[in-house]
Amino acid sequence: MDTGSDLVWFPCAPFECILCEGKPSPGPIRPPNITRAHAVSCQSPACSAAHSSTSSSDLCAMARCPLDAIETSDCSSSACPPFYYAYGDGSLIANLYRHTLSMSSLVLKNFTFGCAHTTLGEPTGVAGFGRGLLSFPAQLATFSPQLGNRFSYCLVSHSFNGDRIRRPSPLIIGRRDGGDEHGEFVYTSLLRNPKHPYFYSVGLAGISVGKRDIPAPEILRKVDATGSGGVVVDSGTTFTMLPASLYNSVVAEFDRRVGRIHKRASEVEGKTGLGPCYYLDTVAQVPAVTLRFAGNDSSVVLPRRNYFYEFLYGEDGATTKRRVGCMMLMNGGDDSELSGGPGATLGNYQQQGFEVIYDLEKQRVGFARRQCALLWDSLNREKN
């Protein structure tokens, strides 16, 4: 489930995933009963959307339609050509189909999705929840605006321990009775991005470390006409990526406070790529970190585990290990390299332990602290 993309796709047999060693396996692939009769035509707006709004005549030519069909723009009998789709860390080639999709008691006819036979670093398929024509919420909204215009998820805590039993994270489609009855959500307004319309972009005014407010650069407060700026709320990216100027200021203030109490663990930083890191020979004392959004002048205080990860560290073969803690915000690169796209990304590590709600009717995103595993249990009790 990915709010940073707008395509729903499945792996279809025969399926090959290149450079997927060590990634989660989808298990035995049972492809849906897809036939050519379910292919989307060149003439469909969905085909143009999959090919980044390429004209139907170009799509007809790509599909090798007869010339008279291209000249008369009659491509209804020709299948949409295969398309290429890329993520930050992988890509795929897929064909576009329509079929009935069943989820619990919900049945969506003529649901449009990609069927991929070859991918790079993408072994399991993705449900795109972005703002594009092909996304799950957009297609659901044509069936029921009440369902498609609002959804939320609540991400259980990350674990880097492979032996730990992983609890499910609930995904809630539509309006939930009592979901915001006490007004505990903190909302910020969505921004429109003309170049990347499928992103959920918000404005960031600054980040507070303890009581010190660090203003965000102008690029994070709004989105300009070229599509530059704003912060993308992305369930599919792990860590929050900040432009170098803001990241360095946050790190400097964090280190000024924590470095007075705990020794810097430079060796750990070099080995893990995280930083700043500290040896925790006493109880960790770290300042609060608060995200201050530009929309509605709203603020979200992050739980400590969302930005400071504690673990035991020791070289291979070492008999003793020391407790270490590292800040989990990332440097997204030099500010000058961010033109033409988002200025920052709010990743899922920083979203854990919150119910994040996307209210597309009122064009806003909200955050409320939750115990996500308990929310999962209560929702399933209500369902049963």
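Does Arg370 count as buried or exposed, and what is its relative accessibility? Arg370 counts as buried because its relative accessibility is 18%, where buried means under 20% relative accessible area, exposed means over 50%, and partly exposed lies in between (1.4 Å probe, protein chains only). The model is a predicted one, in which local features need pLDDT of at least 70 and side-chain atom pairs count only at pLDDT 80 or more, while totals for chains, interfaces and linings use all residues. Residues are numbered from 1 along each chain as its sequence is written, and side-chain values use heavy atoms, with hydrogens and water left out.

Arg370 lies in the loop between strand 22 (364-369) and helix 10 (372-383); helices (H or I, at least four residues) and strands (E, at least two) are DSSP runs, numbered from the N terminus. The side chain of Arg370 meets that of Glu184 in a salt bridge (3.3 Å, N to O), a term for a side-chain nitrogen of Lys or Arg within 4 Å of a carboxyl oxygen of Asp or Glu. This pair links distant parts of the chain, since Glu184 lies in the loop between strand 7 (171-173) and strand 8 (186-191), 186 residues apart from Arg370. Glu184 is partly exposed, with a relative accessible area of 32%.

**Salt bridges elsewhere**

A search of the whole structure finds 14 salt bridges. One of them joins the side chains of Arg256 and Glu253 at 2.8 Å, N to O, and both residues lie in helix 7 (residues 244-258), 3 residues apart, which is about one turn of the helix. Glu253 is buried, with a relative accessible area of 3%, whereas Arg256 is partly exposed, with 44%. Arg212, Glu253, Arg256 and Arg257 are linked in a network of salt bridges.

Strands of a sheet pair through backbone hydrogen bonds, either parallel or antiparallel. Here an open sheet of 3 strands has the order 14-18-17, with antiparallel pairing, and two strands are said to pair if DSSP finds at least two bridges between them. The edge strands, each pairing on one side only, are strand 14 (277-279) and strand 17 (308-313). Strand 14 is joined by 3 bridges to strand 18 (residues 322-327), to which it runs antiparallel, and Tyr279 stands opposite Val324 in strand 18.

Gly314 lies in the loop between strand 17 and strand 18, and Gly314 counts as partly exposed, at 24% relative accessibility.
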